[in-house]
Amino acid sequence: MKIVLEILLLLLTVIYSYLEALVKLFIPAKRKSVSGEIVLITGAGHGIGKITATEFAKLHTVLVLWDINKNGVEETAAECRKLGAKVYTYVVDCSKREDIGQAADKVKQEVGDVNILVNNAGVVFCADLLSLEDSQIQKIFEVNVIAHFWTTRAFLPSMMKNNHGHIVTIASIAGVFGVPFMVDYCSTKFAAIGYHKALTAELAALQMSGIKTSCLCPAFVDTGFVKNPGSRFVPVLMPEDVAKTLVDGILINKKMIYVPSFMSLIGVMDMFLPERALNALNSFQRLHFDAKVRSVDKDK
């Protein structure tokens, strides 16, 4: 009898969830205030991280900016200070656990408890699997995935103590479907999405409803890391547009943020289309970028 009641409750919850989602399509989500919140952004010296910092500066937050490039992070800080934000900068190599740990301790002592953590730092090497160097494979996992563990473990305890916070994972649409000559990058972004989803589930299991999570999955972004990217249908995105969409998503506690939004359909297509159809679709869209293939530089 108990299992029957549990099944009925589950069905009612599913139906209610669909109705709630339908209503939300027509009612704008309420944006939360982040004024005075301490926001830490890794990889803040360039691209999406830099623009995200300036967007948060406009919202009267306290910014903690990390980057391996001292000049880059200081330039970002200067722009944010012009917007009226209080900014702290740290030179951090996110491929090194020791660097992350030492910087995190300094942040806690000099700034306070981080409320919003944006794991943005990332690297990319465009090459086929056999052309990748061992050190490149090691580094891309250290920065794009493993660093998320060290930063989250450093700042999550205070969030859990207050049941308040937001953890943001910067992934990619390359974490939803495979891209030739980006085996290493795609692997890390698939892992980043898995990290986000599992962490979200774990926080729910621990009843930490005040700690929110978001994951950004953009298409190619013009940050300079990938040379000459393009495709037949999906435009190359500007960092400004992606960062604004990201911050808007954070303010409404959106779990998955796809840019462009129709890219959310990619995962559905990957699940239901036969392999031959997927291969034909990938070929049809003519995705291309400069890549090193078997030690020869080619446009792929």
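I7 sits in helix α1, which covers residues 2–24. Helices here are DSSP runs of H or I with at least four residues, strands are runs of E with at least two, and both are numbered from the N terminus. I7 has 44% relative accessibility, so it counts as partly exposed. On that scale buried means under 20% relative accessible area, exposed means over 50%, and partly exposed lies in between, with a 1.4 Å probe and protein chains only.

Before I go on, this is a predicted model: local features need pLDDT of at least 70, side-chain atom pairs count only at pLDDT 80 or more, and totals for chains, interfaces and linings use all residues. Residues are numbered from 1 along each chain as its sequence is written, and side-chain values use heavy atoms, with hydrogens and water left out.

I7 also belongs to a nonpolar surface patch of about 720 Å², together with M1, I3, V4, L5, L8 and L11. Patch residues have over 30% relative accessible area and no salt bridge; like charges are joined within 9 Å, and nonpolar side chains (Val, Leu, Ile, Met, Phe, Trp, Tyr) within 5 Å. A salt bridge is a side-chain nitrogen of Lys or Arg within 4 Å of a carboxyl oxygen of Asp or Glu. The areas come from the Shrake-Rupley method with a 1.4 Å probe, and for residues only the protein chains shown count as cover.

Next, strand β6. Which strands pair with β6? Strand β5, residues 165–170, pairs with β6 in the parallel sense over 6 bridges. Pairing requires at least two DSSP bridges between the strands. I167, for example, has T213 in β6 as its bridge partner. Strand β7, residues 256–259, also runs parallel to β6, joined by 4 bridges. There, C217 has Y258 in β7 as its bridge partner.

Now the connections. From β6 the chain crosses through helix α7, residues 239–251, to β7, and this β-α-β crossover is left-handed. By contrast, β5, helix α6 (residues 183–205) and β6 make a right-handed β-α-β unit. Right-handed means that, with the strands pointing away from the viewer, the path from the first strand over the helix to the second runs clockwise.

On to aromatic rings. The structure holds 3 aromatic pairs. In one of these, the ring centres of W66 and F155 are 6.3 Å apart and the planes meet at 55°, so the pair is tilted. The rule is that rings of Phe, Tyr and Trp (its six-membered ring) pair if their centres lie within 6.5 Å; planes under 30 degrees apart are stacked, over 60 edge-to-face, and the rest tilted. W66 is in strand β2 (residues 62–67) and F155 in helix α5 (residues 134–162), 89 residues apart, and the pair links these distant parts of the chain. Both W66 and F155 are buried.

Last, some backbone details. Most residues other than glycine have a negative phi, and most peptide bonds are trans. Where does the model have a cis peptide bond? From V259 to P260, with omega near -10°. P260 is in the loop between β7 and α8 (265–272). N163 has a positive phi, near 50°, and is found in the loop between α5 and β5. Q207 has a positive phi as well, near 60°, and is found in the loop between α6 and β6. With a relative accessible area of 67%, Q207 is exposed.
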